[in-house]
Every structure is written in structure tokens, then in C-alpha cells.
Amino acid sequence: MELHRNRGALVPATTAEAGPRHNWAGNVRYAARRLHRPSSLDELRRLVAGSDRLRVVGTGHSFNRLGDTTGDLVSLAGLPATVALDPDRRAVTVPAAMRYGDLAAWLHPRGYALANLASLPHISVAGAVATGTHGSGETIGNLASAVAGLELVTAGGDLLTVDRAADGDTFAGMVVSLGALGVVTRVTLDVVPTFEIRQHVRLGLSRAELDAAFASAYSVSVFTDWRSPRLREVWVKQRADAAPLPADWLGTTAADAPRHPVPGMPARNCTPQLGEPGPWHERLPHFRLGFTPSSGTELQSEYHVPRGSASEALAALDPVAHLIAPVLQVCELRAVAADGLWLSPNHGRDSLAIHFTWTADAAAVLPVVAAVEERLAPFAPRPHWGKVFGLAPAAVAAALPRYADFLDLACRLDPAGTFRTDLLDHYLPRD
Ligand SMILES: Cc1cc2nc3c(=O)[nH]c(=O)nc-3n(C[C@H](O)[C@H](O)[C@H](O)COP(=O)(O)OP(=O)(O)OC[C@H]3O[C@@H](n4cnc5c(N)ncnc54)[C@H](O)[C@@H]3O)c2cc1C
């Protein structure tokens, strides 16, 4: 761990009154007193050193108040946008605010790829990593698991660099940070040789075939509506050099036209399907950069349960299917490989991620979220940190074995609580 002390006299930070006033979904209006867009690292360090309450906003695609503050809200989109590829280390170092879609378009022509992407390429690297954002793939970890190094500005304005190889266990505590440890300015990610994917949509999977479906391709997403016992659609993302799916694959039929996972939304917002091969970054996300992802009018919740309990966890939700269906746009099931990151929803266990795209009607949705949480309780569900959830803090703590260690780390790196928010105070209370 390398710490660079800011030795110069601190001068008041410049305030740029430009930045988002609410999150992407519009359900969180930021309460920040000031919005800042520093254009240099030094300006950011002075800003952090001079603030008593500060949070960073990435692209604002989270659905809760994790990224909000009553103090200073900072966008890093004005910092230098240098990207550095290190072919020997098989790694790329990127500015925190860079969107995955822009990074992918930079990497692919240079012969490199990321192992996985989320359903949308619109999100910032640091914002996605901070919440443990993931795609699907039973042998692929979430996006944070590809992080090999971080540079961050800690409370007081110091610059800290941490590295997976050198900082071991502490590093594992710092990646899924919830923004509680400092302002991440640069992120180093593992890269792999670029590859091509074919995407097929298959219709009508039996729940009994879920494990077989996840095991059958590089990345598999299953969509359902809780109105029928069969799972409505399977989005199969195969490596282009893999054997084609048989016509009667797991008892499903092939969709004969491109689809959008949310009924009624246009398929042109989605990445190409029907088995047409194409680069990884134009197939792994469901949604295309430059188009609205998902429906645009929605709330989202997501819970990670052990993969081995997948069928029991889904069966546990059957008794509340009649509550889920009326406020649901679509439910997505994904597989995520285990990692060692302390606050990762996939810490130490291969996971089934059960995602809900709800209607935007919070009053109708929140009681159903509570019902889902109650039904999933026996499976120690871990919430997606960037989505709507109401689990009791003790339940979240009990589901994550390194929770107390993370709290200690946050207290050490941020003793005055500069990066605290109401939501963090609720879930990670200090004595
Ligand atoms: C349409 C849609 C589809 C989605 N699909 C997926 C999906 O497929 N998989 C999935 O897992 N999630 C998904 N999400 C959720 C989303 O990926 C996460 O909420 C993610 O964190 C959003 O990234 P962001 O850049 O918008 O971060 P923000 O929402 O802006 O910030 C998230 C958190 O990170 C902190 N943060 C941001 N930048 C920094 C920084 N530089 N330093 C320190 N802290 C920082 C913020 O303070 C905040 O606490 C989806 C969301 C939407 C709206």
C-alpha cells in the first residue's frame, strides 16, 4: 500500500455547480449542498481535504441513496481520461469515471477484452465496482473481481494506491467499497484476449433445467414473469467457437426475431441476437450504448443466494408470486462465480442472482420487496448494494463474514466519517 501525503498548503476547493440533480431512475433526488466537477487530481484532493461530507456520483444508475450526501457531491467526469494498457501484466488502468462501453470500444481494436460486462455498458467503472455489479456466467466473477489495483483519494486528501498482488487481504476489503473508503480515481482491471460471442434467445425453459442452462454457455441470463411455472426466455451468450445449440436445446424453442427482455420495449435497444457472431462487448450486455437500457421507468432490487440453493430459493418465492407479478416488469436470474472480496454479494459462494425490474410505483413495490426478503431469509440473501432493499442490518451483517472487518477498515481510513451517508450509517453503524 503506497501513501502519498499531500504536502502543499490546502486551499479552498473550486466549486463547479454542474452535475446531476437526481439518479438515472429519478427516484432519488440528490440532497447535496454543492455539486463539483474537478478537472485535475490536485483539485480533487483539495476538495476532499476541505470537505466534512462528500460522496462521488458515477453515472447515477443506482436506485438507492448510497451515493447521496447532504454535503459535497463530486463527479469525476472532468478528470484526465488517460487509459494505459500493460500487455505484460494483462491489465488496463482506466479513469474511475470511464463508462464500460467506452472502455470496451477502446480495448477491442487493441486485441483485448474484459471477461464480462453487466447488462448495460452505460455505467462507470468505479461506480459499478463499488457496488459489486455483475453480469452472468457460472465460471466468471462479478466486475469487481477483475480489479487488480486502485488509486484513491482518502479523507484528508492523501493519495493511496493499492494492488491485488502486494496488498492481499486488505485489498480484498477495498474493492467493493460502497464509496466508504475514499474517492477512487483510477482502476486497474484484468484483460483477456478479445473474443466473439453469439447470442441466442430460447423460449420456455423448465425450472428443472436451470442448472443445465447456466452450465451450457459462457454467459446465460434467464427471464421470467412469475405468472407461469416455465421460465419465459433464456439469453444464451456462447463463445463464437463453441458448438451450436441443438434445435431442441433443453426442451426450449428458438425465438425467431430479436427480443427485448421487458415486454413491450423495442428490440432495437438490445444487442444483436439470432446467433449472429460479434465482439464480446456488443453481445455480453443486453442493452446497447446510446439506447435506453431496460425500460427507463422502473425500480430494481436484487438478491444473491447460494447457487446450490437455487431451486429451493425460487420455490420459496412461489407463494408470493401473486404479489410479485402485478408490480413486475421482468425478473432475471443469473449465475455469478464466488470471489474473495469482503463486501461482494458473491463473497465465498457461487451465487444465483435473483433480480427484479419493478414498476416505478414505490408505494406498491416496497411491500412486495419486504415479502420477497422474508421468503428468501432462510438463504442468507445478500442485497445488490446499488438497488432497492430493506433487509435488516443484522441480517446483511450475518450474511457477509467480513462485514466487521470492513467496518474497521472504513473507520481506520475515514476516522472523521467524511464519506459516510445515512444509508451507510444504517447498514454499517459506528459505535
Ligand atoms: C438499467 C439498469 C441496468 C442495470 N443492470 C445491472 C446489471 O446487469 N448488473 C448489476 O449488478 N447491476 C446492474 N444495475 C445496477 C448498477 O450497475 C449499479 O447500481 C452501479 O453501481 C451503477 O454504476 P454507476 O456508475 O451509475 O454508479 P453510481 O450509481 O453513480 O454510484 C454507485 C456507488 O458508487 C460510489 N462511487 C461512484 N464512483 C465512485 C468513485 N470514483 N469513488 C468512490 N465511490 C464511487 C457512489 O458514491 C455510490 O455509492 C443496473 C442499473 C440500471 C439502471
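The model is predicted; local features need pLDDT of at least 70, side-chain atom pairs count only at pLDDT 80 or more, and totals for chains, interfaces and linings use all residues. Residues are numbered from 1 along each chain as its sequence is written, and side-chain values use heavy atoms, leaving out hydrogens and water.

Most residues other than glycine have a negative phi. Leucine 178 has a positive phi, near 55°. It sits in the loop between helix 4 (164-174) and strand 10 (183-190). Helices (H or I, at least four residues) and strands (E, at least two) are DSSP runs, numbered from the N terminus. Alanine 380 also has a positive phi, near 45°. Its loop runs between helix 8 and strand 20 (382-383). Alanine 380 is partly exposed, at 31% relative accessibility; that class lies between buried and exposed, the latter being over 50%.

## Confidence

The protein chain has a mean pLDDT of 94, and 95% of its residues reach 70 or more. pLDDT is the predictor's confidence in each residue, from 0 to 100. Over residues 1-17 the pLDDT is below 50. Beyond near neighbours in sequence, that stretch has 36 contacts in the model (heavy atoms within 4.5 Å). Where pLDDT is low, the predicted coordinates should not be read in detail.

## Nonpolar cores

The largest nonpolar core holds 126 residues. Such a core is a set of buried Ala, Val, Leu, Ile, Met, Phe, Trp, Tyr and Cys residues joined through side-chain atoms within 4.5 Å. Ile354, Phe356 and Trp358 touch the most other members. A second, separate core has six residues, including Tyr30 and Leu73.

## Pocket and cavities

The largest pocket has a volume of about 220 Å³. On a 1 Å grid over the protein atoms alone, a pocket is an open set with protein on both sides within 12 Å along at least five of seven lines; in a cavity a 1.4 Å probe fits but cannot get out; lining residues have an atom within 4 Å of a point. Of the 14 lining residues, Asn27, Phe63, Asn64, Leu366 and Val388 are the closest to the pocket centre. Helix 8 (362-376) and helix 11 (422-427) each supply at least two lining residues.

The structure holds three cavities of 30 Å³ or more.

Methods
Buried < 20%, exposed > 50% of the residue type's maximum accessible area, 1.4 Å probe, protein only. Points joined across faces, edges and corners; volume = space filled by probe spheres on them.
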